[in-house]
Amino acid sequence: MSDKNTHEKANKNLGTICVQGGWKPKNGEPRVLPIYQSTTFKYDSSEQMANLFDLKETGYFYTRLQNPTNDAVAAKIAALEGGVAAILTSSGQSATFYSIMNICKKGDHVVSSSSIYGGSFNLLAHTLDDMGIDVTFVSPHASEDELEKAFNERTKCVFGETLANPSLDVLDIELFADVAHRHGVPLIVDNTFPTPINCRPIEWGADIVIHSTTKYMDGHATSIGGVVVDSGNFDWDAHKDKFPGLTTPDETYHGTVFTESFGNKAYIFKMTTTLMRDLGSIPSPHNAFLLNLGLETLHLRVPRHCENARKVALFLENHPGVSWVRYPDLEQDENHALAQKYLSHGSSGVLSFGVKGGREKATVFMDSLKVACVVTHVADARTSVLHPASTTHRQMNDTELEAAGVKPDMVRFSVGIEDAEDIIEDLDQALRKTL
Ligand SMILES: *Cc1c(COP(=O)(O)O)cnc(C)c1O
């Protein structure tokens with residue numbers, strides 16, 4: 001199904017797409033993608049406007065549905081992921097929500113990896129449940145048998161993260177895609193941490209790819225955002241009964257059938273014209289412009305993040321103040337085999353490790369850092385660090401922490417693109433204070 005060489009080949013021109021994709025100026029137009037900071041667009045006749053509302057013609061009329069700046073950036077990300085269409089959303093959370101709500105309704109069921117971002121877990125386990133959509137969680141390393149057992153007749157999609165935040169578990173994308181397809185449903189993959197520079201899930205069988213663009217894509221911690229990309233590969237009509245929203249007439253558009261009118265772009269067209277219309281989680285064109293500036297250097301930043309993280313991981317492994325290190329690129333890491341298959345260029349800049357002496361010493365270490373900043377953020381150009389036990393999970397005692405899968409000594413470290421020697425020197429002086 002997937003050809004590893006495709007990945008190698010595709011990688012060759014990702015840099016050009018990062019720099020020039022999405023915006024192709026015509027003669028005399030601005031070289032740089034303009035910010036169309038306008039809510040509305042002008043037409044000469046009301047008939048032209050009416051045709052837009054009936055989806056008979058394509059064009060811009062109101063920024064809640066579409067905006068030229070946002071669309072150019074979405075097109076760039078679609079090209080980077082090897083998809084046919086994409087839509088920007090106002091956050092990664094809304095991208096996750098929309099990707100599922102576009103094909104699920106009350107009474108439907110989702111199969112999800114249990115190793116996912118905390119916000120996504122809350123959304124799936126609680127908010128979707130409140131809406132009548134129930135979720136079965138499976139290990140990202142589930143066997144084919146275990147996966148099969150998670151499905152039922154109401155299952156409409158499978159969800160997982162290529163490289164999970166913060167556990168750094170690697171999803172077996174090919175296996176999850178195969179089993180999903182056998183049950184006639186798409187695989188949705190959150191590819192936030194690797195970015196298309198390190199992994200293109202569509203090449204491994206994923207049907208829909210989403211991102212929190214807030215992380216590496218923006219890369220400078222300026223703008224919250226998300227994106228949903230459609231591979232165009234999933235045949236909705238082959239499973240007509242499961243996806244009536246795409247394959248039967250939509251009364252709010254005079255009976256338009258999305259798969260008939262928009263072919264393999266039906267999924268994104270439906271999302272734009274129904275979910276965006278009704279829920280409205282659109283980013284501002286100004287934020288899309290900032291995201292685009294980040295994307296222009298994604299292919300330079302991601303390899304540097306990985307190179308620095310590898311150096312930091314090797315340094316930490318041999319430090320007397322450190323009890324354990326988790327980084328999929330390390331040979332003895334439990335995710336190493338999957339990382340070699342899916343993330344052969346490197347995983348990401350994020351790693352975690354334990355400070356010897358537990359919670360108390362970890363706090364001493366954190367307070368001694370000078371280059372790395374204590375923030376609730378990852379995947380930034382600046383090295384960021386978080387000690388869950390003394391911040392996000394501080395109300396829990398050590399027993400409760402263990403149950404939540406957070407070790408009291410655990411530090412989440414997001415390696416930036418500063419000079420590796422400075423990051424390592426900073427780690428060293430802070431760890432020495434704990435000895
Ligand atoms: C941060 C994050 C999200 C949520 O994105 P926001 O932009 O913060 O809404 C979703 N998935 C992953 C993997 C993330 O790291």
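So, Asp190 first: one of its polar side-chain atoms sits 2.7 Å from a nitrogen atom of the ligand, and I'm calling N or O pairs within 3.5 Å polar contacts. Thr214 also reaches in with a polar side-chain atom, 2.6 Å from a ligand oxygen. With Gln93 it's a backbone N or O atom, 2.9 Å from an oxygen atom of the ligand. On its own the ligand exposes 380 Å², and the protein buries 93% of that (Shrake-Rupley, 1.4 Å probe).

Quick housekeeping. This is a predicted model, with local features needing pLDDT of at least 70 and side-chain atom pairs 80 or more, while totals for chains, interfaces and linings use all residues. Numbering starts from 1 along each chain, and side-chain values use heavy atoms, without hydrogens or water.

Who's around the ligand? There are 14 residues (a heavy atom within 4 Å), and Asn165, Asp190, Ser212, Thr214 and Lys215 come nearest.

Now confidence: mean pLDDT (the predictor's per-residue confidence, 0 to 100) is 93, and 97% of residues reach 70 or more. Residues 1–10 are below 50, with 20 contacts beyond near neighbours in sequence (heavy atoms within 4.5 Å).

Definitions and conventions
A polar contact is a pair of N or O atoms within 3.5 Å; within protein, one must be able to donate a hydrogen and the other to accept it, and residues adjacent in sequence count only if both atoms are side-chain atoms.
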